[in-house]
Amino acid sequence: MAVSNGASELKAGPNTQAAAGAKLSALFAGTMGPLIGLMLLCLALSLTTDTFLTVRNILNVLDQVTVLGIMAIGMTLVILIGGIDLSVGSVLALAAMVMGFVAHPDHLDLGMPAGIVTALVVAGLCGLVSGLLVTVTKLPPFIATLAMMSVARGLANMITDGSQIIGFPDWFTSLSIIRHFGFLSVTVGLMIVLAIIFATFLNYRATGRSLYAIGGSAEVARLSGIPVKSLTNWVYAICGVLAGLAGIVLAARLDSVQPSSGFGYELDTIAAVVIGGASLSGGVGSIGGTAIGVLIIGVLRNGLNLLGVSPFIQQVVIGVVIALAVATDTWRRRAQ
Amino acid sequence: MSLDPSHTHTPHLGLFVSGLCKSYGPVQVLADASFEVRPGEVVALLGENGAGKSTVSNIIAGSTKSDAGSITWRGKPYSPASPAAAIDAGVGMIHQELKLLPDLSVAENVYVGRLLMRGGRIDRAAMNSRASAQLKRLGLDVSPERKVRTLRIAAQQQVEIAKALTLNAELLIFDEPTAALGSEETELLFKQIRKLKAEGMSFIYISHRLDEVAAIADRVVVMRDGRIVARHERADVPVRAIVEQMVGRSVERMFPPLSEPGSETLLEVENLSSPERSFQNVSFSVRTGEILGIAGLIGAGRTELVRAIAGADPISSGSVRVAGKPVHLNGPAAAIKAGVVLVPEDRKAQGVVLDQTIGENLAIGNFDHVAPNGWVFPKAVQKFAEAGIGRLGVKGRPNQAISKLSGGNQQKVIIAKWISRPPKVFILDEPTRGIDVGARAAIYDVIADLARSGMAVVVVSSDLEEVLGLSHRVLVLSRGRQRGILDRSEASNVAVMELATS
């Protein structure tokens, strides 16, 4: 492969073409397969339904994937460094409950801003504890975050003894309802802005590039002077904050918070990241790929609903898609 | 001493190895190896790392297949297809890395794969009593129900031997059995070997320690570069003679001429010890432009020592100064900042991120240079990578996957990664391991250039020729202790090996 590339470059003026080629391949590195899958999926749904390819429906899909999308950004960072975070669903619920408890008039009544900030701090602390369990206690990430998953869920239930908190100010719920400029709700906008920020961070910041090195080989990164432990702590903390933010977005969408929310979301999130081309062994993945993975899951759910497919069959289909996506990725790598 | 075993062929029921050959790709690791092991005798197999000792013993123990040649064992043709087949034929091997299941009991380990059954259930009583009997035969009083993890290394080794005995082994191959043993434990092992020998068992004994060989072996076979170069009918051959046979090849490689070192001392190491005692009280200094070689056998503590100096592993006591300033050794980052960089021993696991490109690998650890304000732009990485690639003559482009490069070029990338800082102390651990002989000269040139540009260079190598050819001075370690520092003029194969096996 390398040989034929080299030959064609020699003929056609080496540097400019090689650089352009490199840029293009860098942009789609590892996401070409998922992107094609997403486009085929959209094409198929456009042909089989009248309603899929409408502005209204596309906006619906975006609304539906905000919670998943925001969580998947954090999960991408964790998976990139070779970790995993099973606690995001529980942390989402805990953050939402903390926000409700602090803000709601029936409880502390300290106002929404205080509620939101407290929720994000608590979620970040959950992530940080997971990180410390991994870096200091040397627990495998799977175990550390499995423990946090249980602890956070329990705490979420303890706040109101398991009951939900209903009713938030109108301005808060309208964050996810009112479409500014005719199409963009604040929550969808938030997801897009976060995706852009983190994509830029991972691609162009020294710290972001260091995460790829840690995932590729933690020992190489350590011997190269990268502070592996502190970056690992930060990554889990950020993943926690983003899970908390997703909880707040979910609260705005539902106008209520309940301790059982977000159950099983960690698996959807991991699925989206993996469908997007990330490797569970670390070092490979991107926000762009994750965005495609999130959209594939969102579009698939939406499309199957439009087609009237039962939710039980939907679960089967999504399982098959996860297996197919990762299998094609593995085959492609082996072919290389 | 005879080079042709056919002359010494007296029929017996031992092991005859004749004309074994083995190649991996173009590399021939074993060429026409022939020797014999008679019943009730210990044959020592000696040679440097890579001489072919492990290959020949792996073939006899059934874990490797030979390309050509034949073996006769107990009067019958013998070509084991697997270690299990070898064991069935009465041939066992005790590896340097013990192959035990640490969380199972002693008895379970002895009988693993063929647990004693009675009425469809595991017969623990029988297993325990029989394992216990074998352990007593070795003079070892250990409960068969104890978990192997809780035993000392020496006792674990005894469990391996007991396992071989219950398999009715008639020939045991020991690969560096004493590498992890103390002197008393070694004595116990020798006692057992002598006892089993008297019962008619045969042994192939691989070791680096020539003093031990003289104590335990009946005969000695010396290997070099995949060939058997000498056979001695007695073990009390002068150490000097064996060492010369082990290392005695003419130097074919081209080492670059070394420049005169400067007078300023750059690296000072004082009384450095590791918490695991893998090295103790090591003191040396390296001047600008000087190359210090560190020689020693596997397990002598060379890698542990240089990793500690580079901040990769903790130390228990001692100090390191660079250009007069003490270095706080609390991690690689601090050492790098102080100007100490390490090219690690295991290139693929510690040196390069195989998933990434050459450019990305060069940028790791240099983001402060590539991205002064934290922004890493592909153009900056490209420019930085091209400079490093050009300076060391790496055959590759910045955006090429590093996994596609040869070992030699990967090693150059790792060296190039550090060169631009520039460091004050450059440490290279096994710089040519796994690199073709033809590509080594280029690495040697690079190392000599590092010294010429004024750095203090430390080179660790298992390849004696390499240490001698590259170093102004050679520090020799043995079992974690510093045995001496030889000047280039007095450092010879024999002198180093004598210190390294002391």
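Which domains does the domain assignment give for chain B? Point 2 takes this up, after a word on how to read the model.

1. **Reading the model.** This is a predicted model, in which local features need pLDDT of at least 70, side-chain atom pairs count only at pLDDT 80 or more, and totals for chains, interfaces and linings use all residues. Residues are numbered from 1 along each chain as its sequence is written, while chains are lettered from A and ligands numbered from 1 in the order in which they are written.

2. **Domains of chain B.** The assignment gives domain 1 (5-90 + 170-247), domain 2 (100-166), domain 3 (252-339 + 424-502) and domain 4 (352-420); such bounds come from an automatic or database domain assignment. Between domain 3 and domain 4 of chain B, the C-alpha centres are 25 Å apart. Their contact involves 10 residues of domain 3 of chain B and 9 residues of domain 4 of chain B. Two residues are in contact if their C-beta atoms, placed from the backbone, lie within 7 Å. On the domain 3 side, helix 16 (residues 437-452) of chain B gives the most, with 4 residues. That side of domain 3 divides into 8 nonpolar, 1 polar and 1 charged. Here Ala, Val, Leu, Ile, Met, Phe, Trp, Tyr, Cys and Pro count as nonpolar, Asp, Glu, Lys and Arg as charged, and the others, Gly among them, as polar.

3. **Where the chains meet.** In the model, 25 residues of chain B are in contact with 22 residues of chain A. On the chain B side, helix 10 (332-338) and helix 11 (347-351) are the elements that give two or more residues. Helices (H or I, at least four residues) and strands (E, at least two) are DSSP runs, numbered from the N terminus. This side of chain B has 16 nonpolar, 7 polar and 2 charged residues. Have a look at Glu219(A), which sits in helix 11 (residues 218-223) of chain A and touches Ala349(B) and Gln350(B), not counting residues up to four places away in sequence. Glu219(A) is partly exposed, with 16 other C-beta atoms within 10 Å. A residue is buried if 20 or more other C-beta atoms lie within 10 Å of its own, exposed if 12 or fewer, and partly exposed in between, with C-beta atoms placed from the backbone.

4. **Helix 7 of chain A.** The 20 residues of this helix (residues 141-160) should span 28 Å at 1.5 Å a residue, and its end C-alpha atoms are 30 Å apart, which agrees. The expected span is 1.5 Å times one less than the number of residues. Buried residues here include Ala144(A), Met148(A), Ala152(A) and Ile159(A). Just after the helix, Asp161(A) takes a positive phi of about 55 degrees.

5. **Helix 14 of chain A.** Of its 20 residues, 17 are buried, so this helix is mostly covered. Gly308(A), which follows helix 14, has a positive phi near 75 degrees.

6. **Confidence.** Chain B has a mean pLDDT of 88, and 94% of its residues reach 70 or more; pLDDT is the predictor's confidence in each residue, from 0 to 100. Over residues 1-9 of chain B the pLDDT is below 50. For the complex, the predictor gives an ipTM of 0.82 and a pTM of 0.76.
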